[in-house]
Amino acid sequence: MARPLINVPAKVKRGQVFEIKTLISHIMETGFRYTTTGQRIPRDIITFFSCSYNGEEIFSADFYPAVSANPFLTFYTVATESGTLEFKWIGDNGFSETASVPVTVE
Amino acid sequence: MTGSLPRCLIVAIALAACVASANGGDIPLDQRRSGYADLGRDTKAMQDDDTSNPATLWVLDGEALWNQKAGSANRACAECHGDATASMKGVAARYPAFDAVQKSPIDLEQRINLCRTERQNATPFAFESHELLALTAFIGRQSRGMPIVSTDEKLKPAIEAGRKLFMQRIGQIDMSCAQCHDDNWGKHLTSSLVPQGHPTGYPIYRLEWQNLGSLQRRLRNCMIGMRAEPFDYGAPEAVALEAYLMWRARGLPVETPAVRP
């Protein structure tokens, strides 16, 4: 059950810098752990995240095994026009999740 | 996780040596503090904001399960219990509760599984399964901010049994829960602060686990640190300890789902 959770202010003023918070459920299995019988647990992580604002990429990040489970990311952008923020997570084993939230610029 | 055991062992031995003669009593009611009070600023912020608290992911899954038909009865929890914000308000604050049918105390996880088997005709969820944790967190969330209540007379024998277990020296290290949580709270066990050990926030998102976990999982961690054999999930001893801990924390507000280091 992958589930993203996005927190963005409902309304922002034009020119205002605002914070975007994202959380997603993911085990982020490092690939460095072994079971009690010595079998390596295969890596299963998110490898890439991006956020676009009205179609333009404003933030992206590569993830590595040291990132915790259920990664929480926050970053900032400047309010330009009303529209949509789109989020994308891509990972091992074909993992892919998207989310989008509206932004109202006053 | 096993990697941290030797550390616990060594420190616990050291601690055992220095508290061997300690003989403190119950913590006075007005001196009780939740583990929350001693969290770092970042961890507090994580717990305080639902959208940064990873446990919210489980609460939302629990809400989905609440509304989902299940079992051969093909009924959802919501069909009998309606809106959980009303029907489940305050429920987690008074569990473990005495079950009239079983004639014994049961904890919230067991209560949920009783409805799974008796009312939905479905197979019970495994302890610590994502589903059981999600439903427990969702139900627990409905009591957030409410004081823990432990007034049922029928729980008295379980609370007494739990108190005995709490005071009893166990395991290879020959320590009791009380030696840490009544007598030495506020001191450090390597980098960890020894809390008073109140069950105010369960199930918790524990950063060390990178996962949600139940109160019983937390107790198993302490027992393994004491080099004692943990009680099985759902064992009467485990439920008695839970009942004692809730009585000991009576009046403190429920924080579910809390974040702990």
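Predicted model: local features only at pLDDT ≥ 70, side-chain atom pairs only at ≥ 80, totals over all residues.
## Interface between chains A and B

At the interface, 12 residues of chain A are in contact with 15 residues of chain B. The size of an interface is often given as the accessible area lost when the parts come together. For chain A and chain B, the buried area is about 1200 Å², and carbon and sulfur atoms give 63% of it.

Between chain A and chain B, 2 salt bridges are counted. One salt bridge pairs A:Lys21 with B:Asp49, and the closest N and O atoms of this pair are 2.7 Å apart.

## Domains of chain B

The domain assignment divides chain B into domain 1, given as 7–49 + 148–260, and domain 2, given as 56–141. Taken over C-alpha atoms, the centres of domain 1 and domain 2 of chain B are separated by 24 Å.

Contact between these domains of chain B involves 23 residues of domain 1 and 21 residues of domain 2. The area buried between domain 1 and domain 2 of chain B is about 1800 Å², with 70% given by carbon and sulfur atoms. The salt-bridge count between domain 1 and domain 2 of chain B is 0.

## Surface patch on chain A

A:Val17, A:Tyr76 and A:Val78 make a nonpolar surface patch of about 300 Å². Within this group, A:Tyr76 lies in strand S6 of chain A, which spans residues 72–78. A:Tyr76 counts as exposed because its relative accessibility is 52%, and the cut-off for exposed is over 50%.

How values were computed. Residues numbered from 1 in each chain as written. Chains lettered and ligands numbered in written order. Heavy atoms only, no water. Patch = residues over 30% accessible without salt bridge, like charges linked within 9 Å, V, L, I, M, F, W, Y side chains within 5 Å. Areas by Shrake-Rupley, 256 points an atom, 1.4 Å probe, with all protein chains shown as cover. Salt bridge = Lys/Arg side-chain N within 4 Å of Asp/Glu carboxyl O. Helix = DSSP H or I, 4+ residues; strand = E, 2+ residues; numbered from the N terminus. Buried < 20%, exposed > 50% of the residue type's maximum accessible area, 1.4 Å probe, protein only. Domains from an automatic or database assignment. Contact = heavy atoms within 4.5 Å. Buried area = accessible area lost by both parts, 1.4 Å probe.
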